[in-house]
Each structure stands twice: as structure tokens, then as C-alpha cells.
Amino acid sequence: MVRTNPHVEEADESDIEVGKPKEWAAGVPGVIHSMQPAIKHMGPNRTRKTLLALNQKDGFDCMSCAWPDPGKRSNFEFCENGAKAVTWEATPVLVASEFWAEHSITDLLTRSEYWLGMQGRLTEPVYKPADSDHYQPVSWEKAFSLVADKLNGLESPHQSAFYTSGRASNEAAFAYQLFVRAFGTNNLPDCSNMCHESSGWAMGQTIGIGKATVAYDDFAKADLIIIMGQNPGTNHPRMLTALEHAKENGAEIVAINPLPEAGLKRYKNPQEIKGVLGRGTEIADQFMQIRIGGDMALMQAICRRVLDAEAENPGTVLDHDFLEKHTQGLDELKVSLTQLDEGAVLEATGLTVEEIDELAARYIKADKVIITWAMGITQQKKGVATIKEIINLLLLRGNIGKPGAGASPIRGHSNVQGDRTMGIWEQMPPSFLDALEEEFGFDPPRDHGIDAVETIRQMRDGGVKVFLALGGNFVAAISDTHAAEEAMQATDMTVQISTKLNRSHAVIGKEALIFPTIGRSEIDMQANGPQFVTVEDTVCAVHPSHGTVDPVAPNLLSEVAIVSRLARAVLGDKVNVDWDGFEANYDVIREHISHVVDGCEDYNQKVRREGGFVLPNGPRDSRTFSTPTGKAIITVNDLQPVERPAGTLILQTLRSHDQFNTTIYGHNDRYRGIKKGRHVVFVNPEDLAELGFSDGQYVDIRGEYQDGRERVLRNWRVVSYPSARGCAAAYYPEANVLVPLEELAEGSNTPMSKAVIVRLEPTKGDATSSAAAAKASIS
């Protein structure tokens with residue numbers, strides 16, 4: 001039975017419970033926390049149809065992460081967060097038509113992400129006129145007409161921006177970028193701009209490709225896996241199973257992170273007897289609790305030790321054959337590292353000489369090494385340079401282009417990598433644009449478009465007047481929350497293609513529309529019958545995804561259908577594209593993809609193979625590097641540790657265990673011991689004592705910046721936590737208010753969410769926090 005408009009209570013932040021952090025992840029609790037919400041919200045039958053199809057070869061791809069699928073899969077090929085993501089999307093709870101009259105925009109602005117998401121699935125297009133405080137239901141035809149009139153009335157196509165979330169399929173993404181470029185702009189910001197853009201820039205400049213150089217099976221073949229700046233237990237839990245298998249095969253694992261994470265301590269695989277009845281598997285052989293921003297210094301220190309070991313035992317440490325044939329820049333690196341200041345390294349990292357020596361010894365001993373990282377690295381000021389240093393270390397011993405070795409950035413969103421492959425980027429190379437021109441007979445714009453941060457700036461300054469988003473929650477995901485919201489509200493029109501409500505449906509332009517779409521778990525029925533879509537995971541594997549349950553409402557359109565109909569309404573006969581054919585049969589889109597996208601030749605045939613296919617990857621497949629010289633580039637990078645003025649802390653933003661990106665499933669973070677709240681700041685107990693604060697005290701968290709704006713989170717609870725000294729952590733997206741729009745990773749323009757300088761101040765007055773009092777304030 002379909003339910004509508006559930007009564008959802010906001011969290012009472014005055015009732016936060018704090019317990020001890022967990023020492024292990026998953027196990028029976030992981031099963032319970034997967035199945036209870038699914039059965040409660042979807043019912044037994046819909047739960048069975050969705051979860052048993054999740055990540056199966058004839059099922060649908062999980063929307064909660066881009067972790068690759070093994071060749072041999074269990075019947076339960078999903079994790080706790082994957083089950084939560086499916087439950088959130090496939091819920092039969094619907095937003096009724098009456099909701100829009102009952103809840104004004106002013107009211108929606110007071111609601112939390114949790115409350116908004118729990119209202120249920122969107123089922124009809126709605127429109128907010130400029131003179132109204134309410135959305136109102138409209139027909140699809142009227143909705144498309146409104147957007148077409150607004151876009152075609154702009155003075156220039158560059159006055160619009162078209163955002164993309166990583167949940168979009170390859171087919172939707174290809175059609176979307178084609179529509180945008182046919183309209184006349186490359187303004188295609190996407191979620192990559194805010195997460196792994198640093199990985200793409202660093203790897204592209206050094207090895208010629210911004211993607212992982214490993215396959216799934218390489219993890220089981222590695223001698224050493226170094227995990228940097230990531231928390232697999234929460235953000236991609238299925239990785240823990242691959243790490244468990246690697247350990248069983250003799251691999252050593254090193255975890256480098258400012259916070260101890262339960263999943264990297266011990267993993268109890270709920271599908272194994274030892275994970276249910278036994279202790280499970282100890283994951284990390286060495287945990288290096290690094291100071292935020294110290295990763296680059298650590299990589300340089302390890303490189304220096306590798307070079308010193310080679311000097312002491314010539315011909316025994318470096319892979320000279322690989323270095324001579326496939327790299328350049330080694331001599332410059334040697335000269336640079338002779339000047340490395342060991343004292344500066346220890347200060348930057350907060351580590352001891354013995355800890356660094358131990359990692360160096362492990363690296364030198366291992367023949368096959370994988371280094372894997374996530375946003376703990378990419379969202380630093382020196383994120384690009386740090387990843388270049390990771391590449392340096394791998395190249396020294398030939399750890400690229402052989403089984404069990406390589407570079408492995410772990411993407412978070414399920415198809416964020418595929419979207420970029422399909423052309424969702426503001427800076428696509430001329431070869432891609434040339435292929436579009438040849439395929440479709442129009443000259444796409446050649447000037448670079450704007451990224452996510454520049455989109456906010458241009459909306460603020462009046463340069464972008466219309467913002468359209470294919471999925472996602474842009475205004476909550478981007479940095480500098482209040483600046484972003486002010487910019488969004490300055491636009492003429494905002495348009496969201498979405499499954500459920502979020503903050504970006506309340507923070508809107510003068511006019512606003514919401515287009516409801518089917519979810520990935522749902523059957524996509526079109527004129528030519530049921531359709532499947534395709535996605536690319538974090539190791540370049542492309543595979544199909546088939547929805548398995550009926551859509552929750554009859555009036556929903558697929559993302560491909562929405563994009564195709566919007567393109568017809570906006571472009572008319574401007575370009576010779578069969579938009580009707582795109583919508584009716586996704587094979588038509590895939591045939592065009594095979595002609596335009598490198599590595600996707602015969603796309604329709606390849607994706608129908610069992611398990612799909614893997615895109616070519618020069619460094620991995622043949623040790624070939626698409627750089628100007630044809631060789632991998634060993635780089636020299638200037639060390640610049642994060643400076644922490646007296647009395648301050650370096651804060652990083654992170655997810656709780658009960659969320660996916662900006663989607664909040666609940667108010668608990670059980671691995672860190674937090675229940676019934678999110679407005680907390682984790683601080684080392686020694687730092688608390690030094691700064692004069694106590695565990696449980698309520699504080700204001702004030703950003704320390706010189707741009708004249710005051711950024712403050714008021715009335716947050718201090719949690720004494722074993723973080724690295726001088727460091728703190730708070731939940732994203734609430735803490736985004738502390739990250740200035742101008743604070744960006746050098747080279748990639750990724751917001752610096754992992755290096756926020758803050759000062760704690762005692763909260764004045766009543767320290768019994770409430771949801772309203774705990775909200776960010778800014779002046």
C-alpha cells in the first residue's frame with residue numbers, strides 16, 4: 001500500500017548520546033541495519049526484488065558508491081549503505097499533490113535534509129512562479145515549455161549552467177552533454193569538481209589518464225596496499241571484503257588517516273562464519289595517524305628513503321628498467337629530495353621517524369603495491385601535488401602496469417567516472433568535440449565552460465541566470481553554504497531533475513521547477529520496451545543496469561526521457577538529433593556513443609557481454625602514457641604544510657555512517673559512537689585540555705579567514721575523540737559553511753574541505769542545544 005506525507009520528527013540535538021568508538025565494522029549489526037529499514041519502508045516483497053538484484057549481473061548497479069563488482073558474486077552483493085540507498089530511493093512513500101499547498105518555500109527552508117528526504121518520492125512536475133511562495137503541480141508539457149522559454153530568452157547560452165550528479169547513467173549523461181553543447185555552452189559543472197578533480201588533474205599530468213590503473217582482481221594479488229585519506233567502512237564498505245581477501249593472500253595493509261576508522265581496524269564479514277561467530281579479520285597492519293595536510297610530506301619522506309636505500313645498495317631497490325623505458329624526471333627528483341627537511345616532515349605529519357621508517361621498509365620489501373585514496377587527499381590545498389607524490393612513489397619501483405600494483409583513486413558516486421567519460425566536463429578535449437561535430441553535424445562550442453565553484457561566483461555576480469541540475473543536491477554539496485545559497489537565490493530560474501526532495505529544492509531562483517524521475521532500481525519502460533542503462537565503476541569497468549521493480553508512480557519519466565524532451569522543446573530543429581529515438585530506444589544513444597567516445601567502439605555489443613567490458617587504460621594495460629613525451633612524468637613539488645596558528649585546530653568535514661553524500665538516512669554514526677544528532681565536533685582530548693574545553697561542552701566553531709566574512713557554527717557539542725593532535729572533524733554538509741568559496745586545491749579548484757582552520761569559543765547563554773540553535777550562522 002502506497003503511503004503519502006509521513007509525519008517525520010526533526011532530531012532534537014539536545015539529546016545527543018555519545019559512546020565509545022567501535023573497534024570493528026559490519027558483522028551481524030551490519031545485516032540488521034541493512035534489513036530493518038528496508039523491510040520497514042519497502043515491505044518484504046519490494047525488499048526482495050531490489051536487494052537480491054543489487055549489483056548482480058542481471059540486476060541494477062548500486063547508486064551509493066563506485067566500488068567495482070567481483071567476477072564471482074554472492075547472492076547478497078551489497079553492503080549496509082547500499083541497502084540504505086536502495087531503501088531511500090525505492091520507497092513507496094510518495095509526496096502527494098496536497099504537499100505543495102501545505103508547505104511553502106519559506107517552510108521548506110526551515111527543514112533539515114533528513115526531513116526533506118523522508119517525505120517520499122516525487123511524482124509530478126511542479127513549478128514555483130516568480131510571484132509565489134509555493135510550488136504547484138503542472139503538466140510535463142507546460143514544465144518543458146517554461147524552461148525552453150527561459151533558456152531561449154537568454155542573451156547568451158553562457159548565462160546558463162547545467163550541473164550533473166554522479167548518479168546519472170552513461171546514456172543520460174551523453175544525451176545531456178549533447179543537448180547542452182547543441183544549446184551553445186560548455187557550462188557543465190559536476191560533482192567531480194568537488195571530489196576527485198584533484199585526482200584527474202594530477203594523474204592526467206603525470207601518467208596521461210585520470211583513472212585508476214588497477215582492476216578489481218589486483219587487490220587480491222598485491223603484496224602491500226596503502227590506504228590514504230579514506231574510510232571504507234562507511235563510504236564504500238564492499239571494499240572491506242576485497243581487503244579481507246588480500247589479507248588472506250598475504251598482503252600487508254597500511255592505513256594513513258587522521259581518525260582511526262573501525263573498518264580499517266577489524267572487519268567481520270557477515271557472509272563468513274568467522275565474521276559472524278569469530279573475531280573477523282584484522283585489516284591494517286600499521287595505522288599512521290597523520291596530521292591533516294601532512295600526506296604530501298609523508299610521500300616525499302618515503303621517496304627519499306627509497307632513494308637512500310638504492311644509494312646504499314645500488315641496483316637492488318629501484319626498478320631501473322621501468323624507469324629508463326617509461327619515465328622521465330628521476331634526476332630532478334633526486335636533487336630535490338636531498339633538500340628535504342626531516343624536521344619539517346615530522347612537524348607536518350605528526351608522525352615519528354620510526355613510523356615513517358616502518359612504512360618505507362614495507363614499501364621496499366613489497367614487489368606489488370597499490371596506493372588507494374579518496375577525498376581526505378583530494379580536498380587539501382596541495383591535493384594535486386600530493387597525488388603527484390603518490391605517483392612518484394609508485395613509479396620508483398615500477399608499481400604501475402603490472403598485476404597487483406597501481407594507483408587507485410576510489411570514486412564515491414556510482415557513475416561519476418562514467419559521466420566524465422561521456423563528456424560531462426567543462427573542459428572536454430578537442431578530439432571529443434571534433435567527434436561530436438562529425439557525428440551530429442554541428443560545431444560545438446570550443447571555449448572552456450565553468451566548474452562548480454565558478455558557477456556559484458557567476459550566479460552571485462549575475463553572469464549565470466538559469467541553473468539546471470541532472471540529479472544531486474548542488475547547493476548543499478558545494479562549499480561556503482551561505483554564499484552558495486545567496487548566489488542560487490539570485491538566479492532567474494532553477495530546475496532540478498530528482499527522485500526526492502533535498503535542500504536544493506528549497507534554495508531556488510525567482511522561478512523554479514522540479515522534474516520527477518524514476519530511480520535506478522525501477523523498470524524503465526519506453527516505446528521500444530524495457531530499457532537498460534550502463535555505468536562505469538572506479539576501475540573503468542562498464543556494465544549494464546536493469547531496474548527490477550515497477551516505478552512508484554505512473555507519471556514519472558526516466559532521466560533520458562526528460563533530457564530528450566527538454567532538448568526537443570529548447571532546440572527544435574536547430575540540430576539533427578533523433579531525440580525521439582533516444583527516448584524510445586537507448587540502443588540509439590549507445591550507437592552514437594560508440595562513434596564518439598574513445599574505447600566505446602561496438603558499445604551495444606560490448607555491454608551485452610556477461611559482466612560488460614573494461615575500457616582501455618594505457619598505464620595499466622601496456623605501460624603506455626598519453627603525456628606530451630609518451631612517458632610517465634616524475635615531478636618535483638614544493639612542500640607546504642598546513643599552518644595552524646596558536647589556539648586553532650585544523651578541521652576536516654566528513655560523512656557519518658548514516659548518510660550518503662548530502663543524503664541523511666538517520667542521526668546516528670554508530671562506528672564513532674554518536675546517536676541522535678549531527679551537530680558535534682570531534683577533538684583530541686589533549687587538545688581539549690590545552691585549549692581549556694571539556695568533553696560535552698557546547699561551543700561555537702569559528703572559521704579563521706581574512707576575507708572579512710564571519711563563518712560560525714553555533715552551539716555544537718564537543719566530543720573527545722582520538723583524532724590526530726591539532727585536528728578536528730565535523731559532519732558534512734552542515735560544516736560546509738566554514739569552507740570559503742575562495743579556499744581551493746591548487747590546480748583543480750576543488751573546495752578545501754580537509755584543511756579548515758577553526759577556533760573554538762564557549763557558547764554563550766543556554767548550552768542545551770536545539771535543532772534551531774545549532775544551525776550555522778554567518779554575517
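How many nonpolar, polar and charged residues does the lining of the largest pocket have? It has 15 nonpolar, 15 polar and five charged residues. The model behind this report is predicted.

## The largest pocket

The largest pocket holds about 1,100 Å³ of space. Its lining is made of 35 residues. Nearest the pocket centre lie G208, I209, G210, K211 and P429.

Four helices each give the lining at least two residues: helix 8 (197-207), helix 21 (416-421), helix 22 (430-440) and helix 30 (618-622). Helix 8 supplies the largest share, with five residues.

## Backbone features

Y732 and P733 are joined by a cis peptide bond, with omega at about 5°. P733 sits in the loop between strand 30 (727-731) and strand 31 (756-762). N749 lies in the loop between strand 30 and strand 31 as well. Its phi is positive, about 65°, although N749 is not a glycine.

N55 is placed in the loop between helix 1 (27-51) and helix 2 (80-90). Its relative accessible area is 3%, so N55 is buried.

## Aromatic pairs

The count comes to 20 aromatic pairs. One of them is W67 with Y216: the ring centres are 6.1 Å apart and the planes are at 65°, so the pair is edge-to-face. The cut-off for that class is over 60 degrees. The pair links distant parts of the chain, 149 residues apart. W67 is in the loop between helix 1 and helix 2, and Y216 is in the loop between helix 8 and helix 9 (218-221). W67 is buried, at 3% relative accessibility. Y216 is buried too, at 16%.

F162 and F179 make another pair. Their ring centres lie 5.8 Å apart with planes at 85°, so this pair is also edge-to-face. F162 is in strand 5 (residues 160-164), while F179 is in helix 7 (residues 170-183). The two are 17 residues apart, and the pair is another link between distant parts of the chain. F162 has a relative accessibility of 0% and counts as buried. F179 is buried as well, with a relative accessible area of 0%.

## Aromatic cluster and charges over rings

Four aromatic residues, F99, W100, W115 and Y135, form one cluster.

Which ring does the charged end of K268 sit over? It sits over the ring of W24, 4.4 Å from the ring centre.

## Around E511

E511 belongs to strand 16 (residues 511-516). Is E511 buried or exposed? E511 counts as buried because its relative accessibility is 12%, and the cut-off for buried is under 20%.

What does E511 touch, leaving aside its neighbours within four places in sequence? Its contacts are Y127, K128, P129, A130, K150, D492, M493 and T494.

How values were computed. Residues numbered from 1 in each chain as written. Predicted model: local features only at pLDDT ≥ 70, side-chain atom pairs only at ≥ 80, totals over all residues. Heavy atoms only, no water. Buried < 20%, exposed > 50% of the residue type's maximum accessible area, 1.4 Å probe, protein only. 1 Å grid on protein atoms, 1.4 Å probe; cavity = no way out; pocket = protein on both sides within 12 Å on 5 of 7 lines; lining within 4 Å. Points joined across faces, edges and corners; volume = space filled by probe spheres on them. Nonpolar A, V, L, I, M, F, W, Y, C, P; charged D, E, K, R; others polar. Contact = heavy atoms within 4.5 Å. Phe/Tyr/Trp six-rings, centres within 6.5 Å; stacked < 30°, edge-to-face > 60°. Lys NZ or Arg CZ within 6 Å of the ring centre and 35° of its normal.
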